Amino acid sequence: MSLHARSLAELAAGLKAKEFSAVELARHFLARIAAANPALNAFLTVTAERALADAARADAAQAAGTAGPLTGVPIAHKDIFCTDGIKTSCGSKMLDNFVAPYDATVVGRLAAAGTVLVGKTNMDEFAMGSSNETSYYGPVKNPWDLAKVPGGSSGGSAAAVAARIVPAATGTDTGGSIRQPAALVGISGIKPTYGRVSRYGMIAFASSLDQAGILAPSAEDCALLLRAMAGFDPRDSTSVDAPVPDYVAELAAPLKGVRVGVLKEFFAAGLDGATGALVEAAIAQLRELGAEVVGVSCPNLPLSVPTYYVVAPAECSSNLSRFDGVRFGHRCKEPRDLMDLYKRSRGEGFGAEVKRRIMTGTYVLSAGYYDAYYLKAQKVRSLITADLKRAFAEVDVLVGPTSPTPAFDIGAKVDDPITMYLNDIYTIGANLAGVPAMSVPCGFVGGLPVGLQLIGPHFGESRLLATAHAYQRETDFHRRVPAAYA
Amino acid sequence: MSLTRRDVEGIAHLARLEITEGELPVYVDSLSKILSFVEQLNAARTADVEPMAHPLEGEVQRLRPDAVTETDRHQKYQANAPLVAGALYVVPKVIE
């Protein structure tokens, strides 16, 4: 089997068995990035020198017997994570000149675990988008069909892993930004529980929703990386001080007797028929594997999208006020006065979608409108969270589609924000409630991948990963690679 | 909900964003559509519902000892600043 056809877990095993060295592995993937990236636009920065230095250190650790389970495995980071001494753009002109002065905790932990950093991936500007078309650096292409979007906002990470030009990559998920692109390119992706993974050094979008996670071929790969990323960080005030389970060991938990709830609201109008049929077939397979499948209703869940488009822009308008043209980021030329400096620096530095969200957020927080919009949305958010809590009193895992359709054409939805926002109709609920969720590939419609979404209760990552792993032992959708990248 | 050009100009000013004449009608249209879209929240009955304060029930913001834990790295941080003089950030004159 060629090196890139192996999952991250298989590559880690190969390194341990000394089938190949970390330097060989890094060179292999760097060559694949160089060949494929001009068409995919998945990487914004390739850190070849850093990768080879990391790999040499990993080989030394293997030789010395001090290597860990991830030593020598190449990974990429979404360009939202600060990387000390490496450009960190967040997909924006605003940060086109920004070289991060420190590492995000996620970056530091994965480096300490011995991973090899090959580069930073493209993304929707400030993670605001569902198609990767809002990036200042141009859209990312879906490796299954270059005319289609890869999803977003972690579209660069998703496309890079799907084309196997990197074995795994980090992502962030505020309303579906890991799961939706994972579904649209046919890989696995997990958004952990709010507070499970540190957000220190992860550029903030909507702080009550943002969470860091992983995009990789298999659930086993996600488990390996999550075990290294998760855990308490005193530098993140929302980080939860709770023990991290051994997600890899717990993959073996049997599916027999696990109660799986099929979310009625996720199979209503709006779901593409062929997509729904594949998701239903995957759920039938979970039943054959021993899961107990029942129907579940969360009546307030359909209000997720309007709730999100009040709460997320409100938090975005506050978070992005730090980009003032004074301390870092873009500054306009020859400002007349301080107000002119603020307005033109921000007007020039932010793209259209980011400005739209900042203004939406400014409006819903402004005097006279706060109660009608923001407070109302936070109350509906309580209702949605209560629905999910009730559901998890009955079942262990909720299932449904990740996205209403397979990947759509580049340009198809850019002019209509509402249509674009509805891509995240099935993913936003998990962010509003802070619960973990993942997407795993479950088939193809017209040559394009479809994702099955699994949602768990707070800190239920082990069960999600074990359920996905049991499914992936019986299916090979997560092993399929687009012909051009095989 | 339908916004006017003046509404959007007011919002842009509050948000400290320069919006060009050409961009303005696009935002009048799309912001109006977004606000109309989120109005479906009004259908939800929330009279006795507490607004959500934290995604994790019972989590409270931690306190830490009031101790110096950071070292002085201003030179590295200020390397990203557009304009610095003598370790100070430089902006247009604000006091006449």
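Predicted model: local features only at pLDDT ≥ 70, side-chain atom pairs only at ≥ 80, totals over all residues.
Chain B has three helices and two strands, where helices (H or I, at least four residues) and strands (E, at least two) are DSSP runs numbered from the N terminus. Read from the N terminus on, the elements of chain B follow the order α-α-α-β-β. Residues are numbered from 1 along each chain as its sequence is written, and chains are lettered from A and ligands numbered from 1 in the order in which they are written.

The C-alpha trace of chain B spans about 55 × 50 × 25 Å along its principal axes. Its radius of gyration, taken over C-alpha atoms, is 23 Å, whereas a compact globule of 96 residues would have a value near 12 Å; the globule rule behind such estimates is 2.2 Å times the number of residues to the power 0.38. Of the 96 residues in chain B, 16% are buried, a residue being called buried if 20 or more other C-beta atoms lie within 10 Å of its own, exposed if 12 or fewer do, and partly exposed in between, with C-beta atoms placed from the backbone.

Chain A has 15 helices and eleven strands. The radius of gyration of chain A is 21 Å, close to the 23 Å that the globule rule gives for 486 residues, so chain A is as compact as a globular protein of that length. The C-alpha trace of chain A spans about 65 × 50 × 45 Å along its principal axes, and buried residues make up 62% of its 486 residues. Among the contacts in chain A with a separation of 6 or more, 76% are between residues 24 or more positions apart; here two residues are in contact if their C-beta atoms, placed from the backbone, lie within 7 Å.

How do the two chains meet? In total, 38 residues of chain B are in contact with 53 residues of chain A. On the side of chain B that touches chain A, helix 1 (5–14), helix 2 (24–38) and helix 3 (74–78) of chain B each supply at least two residues, and helix 2 of chain B gives the most, with seven residues. Sorted by class, this side of chain B has 25 nonpolar, five polar and eight charged residues, where Ala, Val, Leu, Ile, Met, Phe, Trp, Tyr, Cys and Pro count as nonpolar, Asp, Glu, Lys and Arg as charged, and the others, Gly among them, as polar.

Two packed helices are described by the angle between their axes and the distance between the axes. The axes of helix 1 (residues 8–16) of chain A and helix 7 (residues 219–229) of chain A come within 7 Å and cross at roughly 65 degrees; axes are lines fitted to C-alpha atoms, for helices over the stretch in contact, and angles run from 0 to 180 degrees between N-to-C directions. Helix 1 and helix 7 of chain A are therefore roughly perpendicular to each other, given that angles under 35 degrees count as roughly parallel, over 145 as roughly antiparallel, 65 to 115 as roughly perpendicular and the rest as oblique. A:Leu8, A:Ala9 and A:Ala12 of helix 1 make this contact with A:Glu220, A:Asp221 and A:Leu224 of helix 7 of chain A.
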